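Hello,

Here is the structure I promised to pass on. Please open it and keep it beside this email as you read.

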Amino acid sequence: MRPRGQPLRGVRLVGAGMLLTSLALAAGLTAGGASSPPLLLGAVYPLHGELGEYAADEALGVDIAANLVNADGGVGGRRVVLDVRDLSTVDEAAPALDSLRADGAVMVLGGFASDLSMAASQAAAERGMLYWEAGAVADRITGRGLPLVFRVGATGGNLGANSISFAATQLAPRLGRPASGMRVSLVVADDLYARSVADAAVQNAQTAGMSVVSTSTYNLTETHFDSALATLRTTRPDLLLLVSHVEDGVAFRRAFLAAGLHVGAFIGSTMAECGMDFGALLGADATGVFASDRPGPGFDPSTLNFEGRVAFDRFAAAWAERRGGPPSEDGIAGFTAAWALLHHVLPRAAAMGQLNPQGIAAVARAADLPAGSLPDGGGLRFATDPARLGQNLRAAAVIWQWQGVRHSVVVWPPAYATGIVTDVPLPK
């Protein structure tokens, strides 16, 4: 993942060589666990600067999962201890993984931003360590055929495809035209995450018979939108897909409105348009904008099965105690990924005496949980084909819409919806 959400309060991320110890350790474990060595779970996150502020929500979700598993007796009677390393640049991936391996970690969870996760997962694979992605969405993280790399959450491809499915089934009728008659333009940040979303959107739009009339790419270091705005003025699309991060997403929306441009519908993506910062910074100017995303603060846990609901309720209570309010999207993603590993996969590996990377991977590949079993509404079934090896095929993804100042709701798919679509076409 890239920057969005609110900075974490109440959990301290520590640097190389130090442990982030779950709070539940002080409460003790089972009698068997008291004499058993701890189970070390490596973690890599950006700890400094803007990325560090945003990654902290995901890290808190992971920490809460470890706490709850420890409160339940740990994994095979062994308490879980998180061993955290700073990963703020791709050059730090190899040293971070070397340091974790030296500490005795055989598995590592991370890494929030797609470029960092790509580097960390590659470094883990080269060292024979299992890598478990908690948040980043670039398709290639699980698109390289690496047998020890897994991701529980949605990919950029999922989010791009969801945007088009939603447009075809929900937006086209409201715009008074068939899906095959829709004209689509994209404005895309130039990075791994954004390209994953955009590539899937273009492919699915073409399959649906939509006309992709323009694609404008911009550099994140120079967010000037004059060229993209001029193209949109010429192409006059029915649907605009913006694949951005927080600051550039807000800046583009402001520039779009200032230019007097209009589209029938505007869909953003997970990095910006559903984050609370987007609504807080834009106020009424966010109203009507959609975003293709993962479940977040407005998620309705009634969609979960019994097991998923129990886990979500425990998580939400722990989050409220440490942060106040409902869990953030990054928090839900971090908790869900860690819960899948610590609660569903590792206990089975421990029971088989296979708490090594290959054994854990084998148990993960055998997991078969229906939708609604995980705290974010997803299920668990990892792909085995090389093109998607280790990707969760039952990851949850939704469409949000801003429907008022600082107010957004899930509008699709129906199973997750907490509101209905409004403002289509967008008011001028």
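Bear in mind that the model is predicted.

Leu97 also belongs to the largest nonpolar core, which has 86 residues. Leu97 is among the residues with the most contacts inside this core, along with Val44, Tyr45, Leu109, Trp132 and Leu342. There is a second, separate core of 55 residues. Its members include Ala189, Leu232, Val421 and Leu426. In soluble globular proteins, nonpolar side chains tend to be buried together.

Next, helix H2. This helix covers residues 49–71, which is 23 residues. At 1.5 Å a residue, H2 should span 33 Å, and its end C-alpha atoms are 33 Å apart, so the two values agree. H2 does have a kink of about 35°, centred on Ala55. The helix is mostly covered, with 19 of its 23 residues buried. Gly73 follows H2 and has a positive phi, near 115°.

Last, Leu175. Where does Leu175 lie? Look in the loop between helix H5 (156–174) and strand E7 (183–189). Is Leu175 buried or exposed? Leu175 counts as buried, because its relative accessibility is 16% and the cut-off for buried is under 20%. Beyond its neighbours within four places in sequence, Leu175 is in contact with Met182, Asp238, Gly264, Val424 and Pro425. Thr235 is 60 residues from Leu175 along the chain, and their C-alpha atoms are separated by 17 Å.

Best wishes

Technical notes:
Residues are numbered from 1 along each chain as its sequence is written. This is a predicted model: local features need pLDDT of at least 70, side-chain atom pairs count only at pLDDT 80 or more; totals for chains, interfaces and linings use all residues. Side-chain values use heavy atoms; hydrogens and water are left out. Helices (H or I, at least four residues) and strands (E, at least two) are DSSP runs, numbered from the N terminus. The expected span of a helix is 1.5 Å times one less than its number of residues. The bend at a residue is the angle between axes fitted to the seven residues ending there and the seven starting there. Buried means under 20% relative accessible area, exposed over 50%, partly exposed in between (1.4 Å probe, protein chains only). Contact means heavy atoms within 4.5 Å. A nonpolar core is a set of buried Ala, Val, Leu, Ile, Met, Phe, Trp, Tyr and Cys residues joined through side-chain atoms within 4.5 Å.
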